[in-house]
Amino acid sequence: MFNSNSKIRLNRVAGAAVVAVMMSASSFAAQANDAMVQDTLNVLEQNISQASQDLFISAKQEFVLSLRTQIAEQIFDVNTDSQEKLLASDDAEQSVTTASQK
């Protein structure tokens, strides 16, 4: 899931970068003023920054979810092991009790 979200966001950033480069190139060709180029680059920088923050948040959420899943699995395994030992000791006690009553 993280990989697909990352690829989508990276594709969007790459698309925005291509558009910005094309706009910059065409503005240079048309002798556009520097303010327009600077505004385009600022927007591009903001988009890249936002995409980076989104990727970081997504990675953090995936990491926390993974840790929670691993902890839950460990707790389940510990509970299952302790129940199996308890059942095994109950069976052993019943065998000893049955053997001593005969």
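1. Val21 is exposed, at a relative accessible area of 55%; the classes are buried (under 20% relative accessible area), exposed (over 50%) and partly exposed (in between), with a 1.4 Å probe and protein chains only. Val21 sits in helix H1, residues 2–29. Its C-alpha atom is separated by 8.9 Å from that of Thr40, 19 residues apart along the chain.

2. On provenance: this is a predicted model, in which local features need pLDDT of at least 70 and side-chain atom pairs count only at pLDDT 80 or more, while totals for chains, interfaces and linings use all residues. Residues are numbered from 1 along each chain as its sequence is written, and side-chain values use heavy atoms, with hydrogens and water left out.

3. Of the 102 residues, 11% are buried. The accessible surface is about 8300 Å², and carbon and sulfur atoms hold 60% of that; areas come from the Shrake-Rupley method with a 1.4 Å probe, and for residues only the protein chains shown count as cover.

4. Ser52 belongs to helix H2 and counts as partly exposed, at 42% relative accessibility. Between Ser52 and Leu10 there are 9.1 Å, C-alpha to C-alpha, with the two 42 residues apart in sequence.

5. A nonpolar surface patch consists of Phe63, Val64, Leu67, Ile71 and Ile75, with about 450 Å² of accessible area together. Patch residues have over 30% relative accessible area and no salt bridge; like charges are joined within 9 Å and nonpolar side chains (Val, Leu, Ile, Met, Phe, Trp, Tyr) within 5 Å. A salt bridge is a side-chain nitrogen of Lys or Arg within 4 Å of a carboxyl oxygen of Asp or Glu. Ile75 lies in helix H2, residues 34–101, and is partly exposed at 47%.

6. Glu73, Asp77, Asp81 and Glu84 form a surface patch of negative charge. Asp and Glu count as negative, Lys and Arg as positive, and His and the chain ends are not counted; a charge is placed at NZ of Lys, CZ of Arg, CG of Asp or CD of Glu. Asp81 is in helix H2 and is partly exposed, with a relative accessible area of 40%.

Note on methods: Helices (H or I, at least four residues) and strands (E, at least two) are DSSP runs, numbered from the N terminus.
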